[in-house]
Amino acid sequence: MMSTSLSGQRGREQPSGAVALDSSAIPAMTLGTPIVAGGESSCSLQIMAGPATRTLDPYVVGSSVLGVKYKDGVLLAADTLGSYGSTLRFKSVERLRKVGKNTVVGASGEISDFVYIMSLLDELTTLDYCWGDGKELSPKEVHSYLNRVMYNRRNKFDPLWNAVIVAGVHGGESYLGVVNLIGVHYEDSHLATGFGNHLARPIFRAEHRVDMTEEEAIRLLEKSLRVLYYRDKQSINKYQLAKITAEGTQISKPFALTTEWSYTAFEDPAKVAVGTW
Amino acid sequence: MERKTGGLVGSEDWMNAAVDLGTTIMAVAYEGGVVMGADSRTSTGTYVSNRASDKITPLSDNVYICRSGSAADTQIISDYVRHFLHQHTIEKGGPADVKTAATLCMQLSYHNKRMLMAGMIVAGWDKYDGGSVFSIPLGGTLLPVPFAIGGSGSSYIYGFCDQAYRKGMTKEEAVDFVFKAVTLAMARDGSSGGLVRMAIINADGVERKMVRGNQLPLYFDEIEPQPSALSAFSRISDEMNSDR
(Lines give C-alpha, C1' and ligand atoms only; values in the text may rest on other atoms or scores of the structure.)
Protein backbone atom coordinates (compact mmCIF):
# COMPACT_ATOMS: atom_id res chain seq x y z
CA MET A 1 0.00 0.00 0.00
CA MET A 2 1.37 3.36 -0.91
CA SER A 3 1.94 5.65 1.97
CA THR A 4 2.15 9.29 1.13
CA SER A 5 2.82 10.46 4.65
CA LEU A 6 5.41 13.13 5.14
CA SER A 7 6.49 11.47 8.36
CA GLY A 8 7.61 8.58 6.18
CA GLN A 9 10.59 10.90 5.91
CA ARG A 10 11.45 10.05 9.49
CA GLY A 11 15.11 9.15 9.61
CA ARG A 12 15.59 10.52 6.09
CA GLU A 13 17.29 13.79 5.54
CA GLN A 14 15.03 16.74 6.07
CA PRO A 15 14.66 19.66 3.73
CA SER A 16 17.23 22.40 3.69
CA GLY A 17 16.20 25.59 5.34
CA ALA A 18 13.90 23.77 7.76
CA VAL A 19 14.29 25.03 11.26
CA ALA A 20 15.25 21.76 12.94
CA LEU A 21 11.83 20.25 13.23
CA ASP A 22 11.18 17.01 14.93
CA SER A 23 9.53 14.88 12.26
CA SER A 24 6.87 13.86 14.74
CA ALA A 25 5.60 17.44 14.52
CA ILE A 26 4.12 16.46 11.17
CA PRO A 27 1.39 13.92 11.87
CA ALA A 28 1.41 10.60 10.08
CA MET A 29 -1.43 10.55 7.65
CA THR A 30 -1.97 8.07 4.92
CA LEU A 31 -4.25 9.25 2.20
CA GLY A 32 -7.76 8.05 2.87
CA THR A 33 -7.02 6.81 6.37
CA PRO A 34 -9.78 7.60 8.80
CA ILE A 35 -8.36 9.34 11.87
CA VAL A 36 -9.18 7.02 14.73
CA ALA A 37 -8.88 8.05 18.35
CA GLY A 38 -5.60 6.77 19.74
CA GLY A 39 -3.81 7.37 16.49
CA GLU A 40 -3.95 3.80 15.26
CA SER A 41 -5.45 3.47 11.81
CA SER A 42 -6.93 0.10 11.18
CA CYS A 43 -7.79 0.57 7.57
CA SER A 44 -6.55 2.77 4.78
CA LEU A 45 -8.64 3.27 1.73
CA GLN A 46 -6.76 3.48 -1.50
CA ILE A 47 -8.46 6.62 -2.80
CA MET A 48 -5.62 7.60 -5.06
CA ALA A 49 -5.73 6.12 -8.51
CA GLY A 50 -2.96 6.21 -11.06
CA PRO A 51 0.73 7.02 -10.57
CA ALA A 52 1.90 9.50 -7.95
CA THR A 53 2.41 12.93 -9.47
CA ARG A 54 3.51 14.65 -6.30
CA THR A 55 7.09 15.35 -5.35
CA LEU A 56 7.86 12.55 -2.95
CA ASP A 57 11.58 12.79 -3.04
CA PRO A 58 13.75 15.48 -4.52
CA TYR A 59 15.92 14.34 -7.43
CA VAL A 60 17.96 17.17 -8.93
CA VAL A 61 18.71 19.55 -6.10
CA GLY A 62 20.57 22.75 -5.42
CA SER A 63 22.41 23.37 -2.17
CA SER A 64 22.85 26.55 -0.14
CA VAL A 65 21.78 30.07 -1.08
CA LEU A 66 23.20 33.01 0.89
CA GLY A 67 21.82 36.52 1.29
CA VAL A 68 23.08 39.65 3.03
CA LYS A 69 21.80 43.21 3.25
CA TYR A 70 24.41 45.91 2.85
CA LYS A 71 24.68 49.68 2.45
CA ASP A 72 23.35 49.96 -1.10
CA GLY A 73 20.93 47.03 -1.12
CA VAL A 74 21.08 43.23 -0.98
CA LEU A 75 23.53 40.61 -2.26
CA LEU A 76 22.78 36.95 -2.89
CA ALA A 77 25.18 34.10 -3.61
CA ALA A 78 24.76 30.49 -4.71
CA ASP A 79 26.74 27.84 -6.50
CA THR A 80 25.63 26.53 -9.88
CA LEU A 81 25.32 22.84 -9.05
CA GLY A 82 22.36 20.54 -9.57
CA SER A 83 23.14 17.34 -7.64
CA TYR A 84 21.52 14.02 -8.39
CA GLY A 85 21.88 12.08 -5.17
CA SER A 86 25.58 12.10 -4.50
CA THR A 87 26.42 12.71 -8.15
CA LEU A 88 27.55 16.20 -9.10
CA ARG A 89 25.44 16.01 -12.19
CA PHE A 90 24.74 19.45 -13.62
CA LYS A 91 27.31 22.16 -13.10
CA SER A 92 25.67 25.15 -14.82
CA VAL A 93 22.34 25.51 -13.07
CA GLU A 94 21.09 29.04 -12.53
CA ARG A 95 19.75 29.15 -9.02
CA LEU A 96 19.57 32.96 -8.78
CA ARG A 97 16.91 34.52 -11.01
CA LYS A 98 15.35 37.93 -11.51
CA VAL A 99 11.72 38.65 -10.82
CA GLY A 100 10.47 41.91 -12.27
CA LYS A 101 12.80 44.89 -12.06
CA ASN A 102 13.65 45.02 -8.40
CA THR A 103 13.69 41.47 -7.03
CA VAL A 104 15.90 38.40 -7.22
CA VAL A 105 14.97 34.95 -5.91
CA GLY A 106 17.44 32.21 -5.10
CA ALA A 107 16.35 28.63 -4.51
CA SER A 108 17.77 25.47 -3.04
CA GLY A 109 16.09 22.09 -3.27
CA GLU A 110 14.39 20.45 -6.24
CA ILE A 111 15.27 22.32 -9.43
CA SER A 112 12.14 21.31 -11.32
CA ASP A 113 9.99 22.79 -8.56
CA PHE A 114 12.04 25.98 -8.72
CA VAL A 115 11.48 26.22 -12.47
CA TYR A 116 7.75 25.83 -11.79
CA ILE A 117 7.92 28.56 -9.13
CA MET A 118 9.58 30.82 -11.70
CA SER A 119 6.70 30.21 -14.11
CA LEU A 120 4.23 31.17 -11.37
CA LEU A 121 6.24 34.32 -10.68
CA ASP A 122 6.26 35.05 -14.39
CA GLU A 123 2.46 34.89 -14.40
CA LEU A 124 2.43 37.15 -11.36
CA THR A 125 4.63 39.80 -12.95
CA THR A 126 2.64 39.63 -16.18
CA LEU A 127 -0.54 40.22 -14.22
CA ASP A 128 1.10 43.09 -12.41
CA TYR A 129 2.11 44.65 -15.72
CA CYS A 130 -1.40 44.30 -17.13
CA TRP A 131 -2.85 46.32 -14.27
CA GLY A 132 -1.04 49.29 -15.76
CA ASP A 133 -1.38 51.13 -12.47
CA GLY A 134 2.14 52.50 -12.34
CA LYS A 135 2.87 50.33 -9.32
CA GLU A 136 5.53 47.68 -9.32
CA LEU A 137 5.48 44.36 -7.52
CA SER A 138 7.57 44.75 -4.35
CA PRO A 139 9.89 42.01 -3.03
CA LYS A 140 7.76 41.74 0.08
CA GLU A 141 4.74 40.99 -2.10
CA VAL A 142 6.68 38.32 -3.99
CA HIS A 143 7.71 36.76 -0.67
CA SER A 144 4.17 36.88 0.62
CA TYR A 145 2.83 35.26 -2.56
CA LEU A 146 5.40 32.47 -2.45
CA ASN A 147 4.61 31.89 1.19
CA ARG A 148 0.97 31.26 0.36
CA VAL A 149 1.89 28.98 -2.52
CA MET A 150 4.32 26.93 -0.44
CA TYR A 151 2.08 26.66 2.58
CA ASN A 152 -0.96 25.65 0.55
CA ARG A 153 1.03 22.95 -1.21
CA ARG A 154 2.27 21.75 2.17
CA ASN A 155 -1.30 21.43 3.38
CA LYS A 156 -2.07 19.20 0.42
CA PHE A 157 0.93 17.00 1.30
CA ASP A 158 2.44 17.90 -2.04
CA PRO A 159 5.18 20.38 -1.25
CA LEU A 160 7.33 22.30 -3.67
CA TRP A 161 10.60 20.96 -2.34
CA ASN A 162 12.50 24.23 -2.05
CA ALA A 163 13.81 26.86 0.28
CA VAL A 164 13.58 30.20 -1.51
CA ILE A 165 15.31 33.42 -0.58
CA VAL A 166 13.61 36.60 -1.84
CA ALA A 167 15.69 39.75 -2.04
CA GLY A 168 14.99 43.20 -3.42
CA VAL A 169 14.91 46.95 -3.04
CA HIS A 170 11.63 48.85 -3.18
CA GLY A 171 10.85 52.40 -2.21
CA GLY A 172 14.41 52.86 -1.00
CA GLU A 173 14.08 49.98 1.46
CA SER A 174 16.05 46.72 1.22
CA TYR A 175 14.18 43.47 1.66
CA LEU A 176 15.48 39.99 2.42
CA GLY A 177 13.21 37.04 3.28
CA VAL A 178 13.09 33.26 3.07
CA VAL A 179 10.29 30.70 2.69
CA ASN A 180 10.59 26.95 2.53
CA LEU A 181 8.68 23.82 1.54
CA ILE A 182 6.59 23.74 4.71
CA GLY A 183 5.73 27.42 4.65
CA VAL A 184 8.15 28.55 7.35
CA HIS A 185 9.01 32.13 6.45
CA TYR A 186 10.92 34.99 8.00
CA GLU A 187 12.93 38.11 7.20
CA ASP A 188 16.35 39.11 8.43
CA SER A 189 19.35 41.18 7.50
CA HIS A 190 21.27 38.03 6.59
CA LEU A 191 19.87 34.65 5.55
CA ALA A 192 20.86 31.29 4.18
CA THR A 193 19.31 28.00 3.14
CA GLY A 194 20.48 24.45 3.79
CA PHE A 195 24.06 24.01 4.88
CA GLY A 196 24.48 27.77 4.73
CA ASN A 197 22.46 27.96 7.92
CA HIS A 198 25.05 25.90 9.75
CA LEU A 199 28.22 27.19 8.17
CA ALA A 200 27.55 30.68 6.83
CA ARG A 201 25.10 32.22 9.33
CA PRO A 202 27.59 32.01 12.24
CA ILE A 203 30.10 33.91 10.10
CA PHE A 204 27.42 36.45 9.25
CA ARG A 205 26.46 36.84 12.90
CA ALA A 206 30.06 37.61 13.77
CA GLU A 207 30.93 39.91 10.90
CA HIS A 208 27.85 41.26 9.18
CA ARG A 209 26.75 44.88 9.49
CA VAL A 210 23.81 46.37 7.61
CA ASP A 211 25.90 49.37 6.59
CA MET A 212 28.70 47.31 5.01
CA THR A 213 30.13 48.51 1.72
CA GLU A 214 29.66 46.37 -1.37
CA GLU A 215 33.26 45.22 -1.17
CA GLU A 216 32.94 44.18 2.47
CA ALA A 217 29.70 42.34 1.75
CA ILE A 218 31.21 40.47 -1.19
CA ARG A 219 34.23 39.49 0.91
CA LEU A 220 31.89 38.17 3.58
CA LEU A 221 29.96 36.09 1.06
CA GLU A 222 33.22 34.90 -0.47
CA LYS A 223 34.44 33.65 2.90
CA SER A 224 31.22 31.73 3.41
CA LEU A 225 31.23 30.30 -0.12
CA ARG A 226 34.74 28.92 0.45
CA VAL A 227 33.75 27.26 3.72
CA LEU A 228 30.71 25.74 2.04
CA TYR A 229 32.85 24.40 -0.79
CA TYR A 230 35.27 22.80 1.69
CA ARG A 231 32.61 21.32 3.93
CA ASP A 232 29.44 20.66 1.93
CA LYS A 233 29.60 17.52 -0.19
CA GLN A 234 26.94 18.83 -2.54
CA SER A 235 28.78 21.92 -3.67
CA ILE A 236 31.16 22.92 -6.44
CA ASN A 237 33.63 25.71 -6.93
CA LYS A 238 31.47 27.70 -9.33
CA TYR A 239 29.24 30.50 -8.12
CA GLN A 240 27.03 33.39 -9.07
CA LEU A 241 26.40 36.61 -7.18
CA ALA A 242 23.26 38.70 -7.48
CA LYS A 243 23.15 42.36 -6.55
CA ILE A 244 19.98 44.34 -6.00
CA THR A 245 20.14 48.08 -5.46
CA ALA A 246 17.88 51.06 -6.06
CA GLU A 247 19.35 51.13 -9.57
CA GLY A 248 18.18 47.62 -10.40
CA THR A 249 19.26 44.00 -10.39
CA GLN A 250 22.38 42.32 -11.71
CA ILE A 251 23.38 38.66 -11.78
CA SER A 252 27.05 37.93 -12.32
CA LYS A 253 28.63 35.48 -14.72
CA PRO A 254 29.76 32.29 -12.98
CA PHE A 255 33.14 32.49 -11.27
CA ALA A 256 35.33 30.18 -9.18
CA LEU A 257 37.46 30.96 -6.13
CA THR A 258 41.00 29.97 -5.17
CA THR A 259 41.20 27.51 -2.29
CA GLU A 260 43.71 26.85 0.46
CA TRP A 261 45.44 23.45 0.70
CA SER A 262 48.97 24.24 1.82
CA TYR A 263 48.70 23.50 5.54
CA THR A 264 51.58 21.32 6.79
CA ALA A 265 49.05 19.22 8.65
CA PHE A 266 47.63 18.17 5.29
CA GLU A 267 50.92 16.79 4.06
CA ASP A 268 51.29 13.74 6.24
CA PRO A 269 48.31 13.36 8.56
CA ALA A 270 49.30 9.81 9.43
CA LYS A 271 52.65 10.94 10.87
CA VAL A 272 51.37 10.87 14.43
CA ALA A 273 48.53 8.41 13.98
CA VAL A 274 48.91 5.62 11.48
CA GLY A 275 45.64 4.66 9.85
CA THR A 276 43.98 7.92 10.79
CA TRP A 277 41.24 9.21 8.58
CA MET B 1 24.81 2.49 -0.79
CA GLU B 2 23.96 6.16 -1.24
CA ARG B 3 20.38 7.12 -0.59
CA LYS B 4 18.90 9.50 -3.11
CA THR B 5 17.56 12.12 -0.78
CA GLY B 6 18.97 15.13 -2.50
CA GLY B 7 21.46 15.63 0.29
CA LEU B 8 19.17 17.86 2.30
CA VAL B 9 20.21 17.87 5.90
CA GLY B 10 18.11 17.35 9.00
CA SER B 11 19.31 17.88 12.52
CA GLU B 12 19.05 14.20 13.46
CA ASP B 13 20.56 12.59 10.42
CA TRP B 14 24.04 14.01 10.24
CA MET B 15 24.52 13.92 13.98
CA ASN B 16 23.92 10.18 13.96
CA ALA B 17 25.54 9.40 10.64
CA ALA B 18 28.54 7.13 10.67
CA VAL B 19 31.83 8.56 9.57
CA ASP B 20 32.00 7.34 6.03
CA LEU B 21 34.83 7.10 3.54
CA GLY B 22 32.58 7.66 0.54
CA THR B 23 35.53 7.82 -1.68
CA THR B 24 37.56 7.06 -4.76
CA ILE B 25 40.42 4.60 -4.42
CA MET B 26 42.59 2.91 -6.99
CA ALA B 27 45.67 0.77 -7.45
CA VAL B 28 47.50 -0.24 -10.63
CA ALA B 29 50.31 -2.73 -11.12
CA TYR B 30 53.02 -1.57 -13.51
CA GLU B 31 56.34 -2.97 -14.72
CA GLY B 32 58.21 -3.22 -11.40
CA GLY B 33 55.69 -2.13 -8.77
CA VAL B 34 52.33 -0.60 -8.01
CA VAL B 35 50.82 2.87 -7.96
CA MET B 36 48.03 3.53 -5.47
CA GLY B 37 45.80 6.60 -5.41
CA ALA B 38 42.92 8.02 -3.39
CA ASP B 39 40.96 11.22 -2.75
CA SER B 40 40.98 12.81 0.72
CA ARG B 41 37.34 13.38 1.64
CA THR B 42 35.80 11.88 4.78
CA SER B 43 32.16 12.66 5.43
CA THR B 44 29.60 12.54 8.22
CA GLY B 45 26.34 12.54 6.31
CA THR B 46 26.60 15.49 3.97
CA TYR B 47 29.24 17.28 6.04
CA VAL B 48 32.86 16.92 5.07
CA SER B 49 34.44 16.04 8.39
CA ASN B 50 37.96 15.81 7.02
CA ARG B 51 38.96 17.36 3.70
CA ALA B 52 42.54 16.13 3.81
CA SER B 53 42.41 12.57 5.08
CA ASP B 54 44.94 9.88 4.14
CA LYS B 55 43.18 6.77 2.90
CA ILE B 56 46.33 4.96 1.84
CA THR B 57 47.56 3.25 4.96
CA PRO B 58 50.64 1.09 5.52
CA LEU B 59 50.18 -2.54 6.55
CA SER B 60 53.91 -3.15 6.41
CA ASP B 61 56.92 -1.46 4.79
CA ASN B 62 56.12 -2.93 1.40
CA VAL B 63 52.32 -3.36 1.49
CA TYR B 64 49.72 -0.61 1.67
CA ILE B 65 45.93 -0.62 1.75
CA CYS B 66 43.39 1.76 0.18
CA ARG B 67 40.32 2.06 2.41
CA SER B 68 36.70 2.83 1.52
CA GLY B 69 33.40 2.39 3.31
CA SER B 70 33.20 2.80 7.06
CA ALA B 71 36.19 4.68 8.45
CA ALA B 72 35.99 2.80 11.74
CA ASP B 73 35.73 -0.64 10.16
CA THR B 74 38.64 -0.15 7.79
CA GLN B 75 40.78 1.33 10.54
CA ILE B 76 40.28 -1.60 12.84
CA ILE B 77 40.91 -4.12 10.06
CA SER B 78 44.12 -2.27 9.11
CA ASP B 79 45.23 -2.22 12.74
CA TYR B 80 44.67 -5.96 13.20
CA VAL B 81 46.40 -6.87 9.94
CA ARG B 82 49.34 -4.57 10.68
CA HIS B 83 49.72 -6.31 14.02
CA PHE B 84 49.52 -9.83 12.54
CA LEU B 85 51.92 -8.94 9.73
CA HIS B 86 54.42 -7.52 12.19
CA GLN B 87 54.46 -10.76 14.14
CA HIS B 88 54.59 -12.72 10.90
CA THR B 89 57.63 -10.87 9.56
CA ILE B 90 59.50 -11.53 12.82
CA GLU B 91 58.80 -15.26 12.49
CA LYS B 92 59.45 -15.31 8.78
CA GLY B 93 62.66 -13.31 9.02
CA GLY B 94 61.77 -11.16 6.05
CA PRO B 95 59.12 -8.88 4.55
CA ALA B 96 55.61 -10.21 4.12
CA ASP B 97 54.15 -11.11 0.74
CA VAL B 98 51.43 -8.86 -0.64
CA LYS B 99 49.29 -11.97 -1.04
CA THR B 100 49.65 -12.74 2.68
CA ALA B 101 48.57 -9.25 3.72
CA ALA B 102 45.62 -9.37 1.35
CA THR B 103 44.58 -12.79 2.61
CA LEU B 104 44.59 -11.57 6.21
CA CYS B 105 42.35 -8.61 5.24
CA MET B 106 40.08 -11.00 3.39
CA GLN B 107 39.75 -13.34 6.37
CA LEU B 108 38.68 -10.51 8.67
CA SER B 109 36.27 -9.09 6.10
CA TYR B 110 34.73 -12.42 5.11
CA HIS B 111 34.23 -13.90 8.58
CA ASN B 112 32.65 -10.69 9.87
CA LYS B 113 30.76 -9.85 6.74
CA ARG B 114 27.46 -9.04 8.42
CA MET B 115 29.04 -6.48 10.70
CA LEU B 116 31.48 -4.73 8.41
CA MET B 117 31.25 -2.24 5.58
CA ALA B 118 34.74 -2.19 4.17
CA GLY B 119 35.83 -1.99 0.55
CA MET B 120 39.60 -2.44 0.37
CA ILE B 121 42.38 -2.55 -2.16
CA VAL B 122 45.63 -4.12 -0.96
CA ALA B 123 48.72 -3.51 -3.05
CA GLY B 124 52.49 -3.60 -2.71
CA TRP B 125 55.73 -5.16 -3.84
CA ASP B 126 57.44 -8.39 -2.86
CA LYS B 127 60.34 -10.26 -4.45
CA TYR B 128 58.28 -13.29 -5.51
CA ASP B 129 55.47 -11.66 -7.46
CA GLY B 130 56.77 -8.12 -7.96
CA GLY B 131 53.96 -5.56 -7.92
CA SER B 132 50.58 -7.06 -6.97
CA VAL B 133 47.09 -5.60 -6.57
CA PHE B 134 44.27 -7.36 -4.73
CA SER B 135 40.67 -6.16 -4.64
CA ILE B 136 38.63 -6.99 -1.52
CA PRO B 137 35.09 -5.67 -2.02
CA LEU B 138 32.17 -5.89 0.43
CA GLY B 139 31.55 -9.48 1.48
CA GLY B 140 35.20 -10.47 1.60
CA THR B 141 35.98 -11.74 -1.89
CA LEU B 142 39.72 -11.75 -2.55
CA LEU B 143 40.59 -11.08 -6.18
CA PRO B 144 44.04 -10.59 -7.68
CA VAL B 145 43.71 -8.02 -10.47
CA PRO B 146 45.97 -5.96 -12.74
CA PHE B 147 44.25 -2.81 -11.50
CA ALA B 148 41.43 -2.08 -9.07
CA ILE B 149 39.08 0.82 -8.45
CA GLY B 150 36.79 1.20 -5.45
CA GLY B 151 34.62 3.51 -3.41
CA SER B 152 31.54 5.46 -4.43
CA GLY B 153 33.51 7.52 -6.96
CA SER B 154 34.66 4.47 -8.85
CA SER B 155 31.26 4.12 -10.57
CA TYR B 156 32.06 7.21 -12.62
CA ILE B 157 35.35 5.95 -14.01
CA TYR B 158 34.71 2.36 -15.07
CA GLY B 159 34.44 3.51 -18.66
CA PHE B 160 37.55 5.65 -18.48
CA CYS B 161 39.63 2.93 -16.82
CA ASP B 162 38.47 0.19 -19.18
CA GLN B 163 39.52 2.36 -22.07
CA ALA B 164 42.77 3.79 -20.70
CA TYR B 165 44.38 0.81 -18.92
CA ARG B 166 47.34 -0.80 -20.67
CA LYS B 167 49.31 -3.85 -19.63
CA GLY B 168 52.98 -3.24 -18.86
CA MET B 169 52.80 0.52 -18.26
CA THR B 170 55.82 2.41 -17.04
CA LYS B 171 55.80 4.06 -13.62
CA GLU B 172 55.08 7.48 -15.14
CA GLU B 173 52.22 6.15 -17.27
CA ALA B 174 50.71 4.38 -14.28
CA VAL B 175 50.92 7.53 -12.12
CA ASP B 176 49.28 9.52 -14.90
CA PHE B 177 46.52 6.91 -15.28
CA VAL B 178 45.76 6.85 -11.54
CA PHE B 179 45.84 10.64 -11.24
CA LYS B 180 43.52 11.19 -14.20
CA ALA B 181 41.07 8.53 -13.05
CA VAL B 182 40.87 9.73 -9.45
CA THR B 183 40.45 13.39 -10.44
CA LEU B 184 37.73 12.49 -12.96
CA ALA B 185 35.86 10.63 -10.24
CA MET B 186 36.28 13.52 -7.81
CA ALA B 187 34.75 15.86 -10.37
CA ARG B 188 31.49 13.92 -10.38
CA ASP B 189 31.19 12.19 -7.01
CA GLY B 190 30.03 14.40 -4.16
CA SER B 191 31.46 11.90 -1.68
CA SER B 192 34.97 12.26 -3.14
CA GLY B 193 37.05 15.40 -3.16
CA GLY B 194 39.83 17.40 -1.58
CA LEU B 195 43.32 16.48 -2.66
CA VAL B 196 44.84 13.46 -4.38
CA ARG B 197 47.26 11.24 -2.49
CA MET B 198 49.35 8.57 -4.15
CA ALA B 199 51.82 5.89 -3.10
CA ILE B 200 54.32 4.27 -5.46
CA ILE B 201 55.69 0.97 -4.14
CA ASN B 202 58.53 -0.95 -5.74
CA ALA B 203 61.82 -2.68 -4.96
CA ASP B 204 63.33 0.64 -3.86
CA GLY B 205 60.64 1.34 -1.29
CA VAL B 206 57.64 3.65 -1.01
CA GLU B 207 57.27 7.12 -2.47
CA ARG B 208 54.33 9.23 -1.28
CA LYS B 209 52.93 11.95 -3.49
CA MET B 210 50.27 14.58 -2.92
CA VAL B 211 48.58 16.93 -5.35
CA ARG B 212 46.77 19.76 -3.62
CA GLY B 213 43.12 20.55 -4.25
CA ASN B 214 43.92 23.78 -6.06
CA GLN B 215 46.38 22.09 -8.43
CA LEU B 216 43.92 19.59 -9.87
CA PRO B 217 42.97 19.80 -13.56
CA LEU B 218 39.69 21.43 -14.54
CA TYR B 219 37.26 19.27 -16.41
CA PHE B 220 34.02 19.97 -18.29
CA ASP B 221 31.93 22.81 -16.92
CA GLU B 222 34.53 23.78 -14.32
CA ILE B 223 36.20 27.18 -14.47
CA GLU B 224 39.50 28.84 -13.57
CA PRO B 225 39.54 30.06 -9.99
CA GLN B 226 40.21 33.70 -9.19
CA PRO B 227 41.41 35.09 -5.84
CA SER B 228 38.28 37.11 -5.14
CA ALA B 229 34.62 37.53 -6.03
CA LEU B 230 35.06 41.31 -6.14
CA SER B 231 35.38 41.27 -9.91
CA ALA B 232 32.26 39.12 -10.37
CA PHE B 233 30.14 42.00 -11.62
CA SER B 234 32.76 43.61 -13.79
CA ARG B 235 31.89 41.46 -16.76
CA ILE B 236 28.45 41.90 -18.22
CA SER B 237 26.23 39.09 -17.11
CA ASP B 238 24.49 37.00 -19.67
CA GLU B 239 22.75 33.65 -19.92
CA MET B 240 24.96 30.83 -18.68
CA ASN B 241 23.52 28.23 -20.98
CA SER B 242 23.59 30.25 -24.16
CA ASP B 243 22.01 27.65 -26.38
CA ARG B 244 18.60 28.20 -24.88
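This is a short tour of two sheets, one in chain B and one in chain A, and of a buried residue in chain B.

The model is predicted, so that local features need pLDDT of at least 70 and side-chain atom pairs count only at pLDDT 80 or more, while totals for chains, interfaces and linings use all residues. Residues are numbered from 1 along each chain as its sequence is written, chains are lettered from A and ligands numbered from 1 in the order in which they are written, and side-chain values use heavy atoms, with hydrogens and water left out.

**The sheet of chain B**

Begin by selecting the strands of chain B that form an open sheet of 5 strands in the order 11-2-3-12-13, with antiparallel pairing. Helices (H or I, at least four residues) and strands (E, at least two) are DSSP runs numbered from the N terminus, and two strands pair if DSSP finds at least two bridges between them. Strand 11 (147-150) and strand 13 (205-211) of chain B stand at the edges, each with a single partner strand, so one side of each has no neighbour in the sheet.

Next, select strand 3 (residues 33-38) and strand 12 (residues 196-202) of chain B, which pair in the antiparallel sense over 6 bridges; here B:Ala38 has B:Arg197 in strand 12 as its bridge partner.

**B:Thr23**

Move to B:Thr23, in the loop between strand 1 (19-21) and strand 2 of chain B, where UniProt, in an unreviewed entry, places the feature "active site"; such annotations may be inferred rather than shown by experiment. B:Thr23 is buried, with a relative accessible area of 0% (buried means under 20%, exposed over 50%, partly exposed in between, with a 1.4 Å probe and protein chains only). Not counting residues up to four places away in sequence, B:Thr23 touches several residues, among them B:Asp39, B:Lys55, B:Gly150 and B:Asp189.

**The sheet of chain A**

Finally, select the open sheet of 5 strands in chain A, with the order 11-2-3-12-13 and antiparallel pairing. Strand 2 (residues 65-70) of chain A pairs with strand 11 of chain A over 3 bridges in the antiparallel sense, and A:Val68 stands opposite A:His190 in strand 11.

Methods. Contact = heavy atoms within 4.5 Å.
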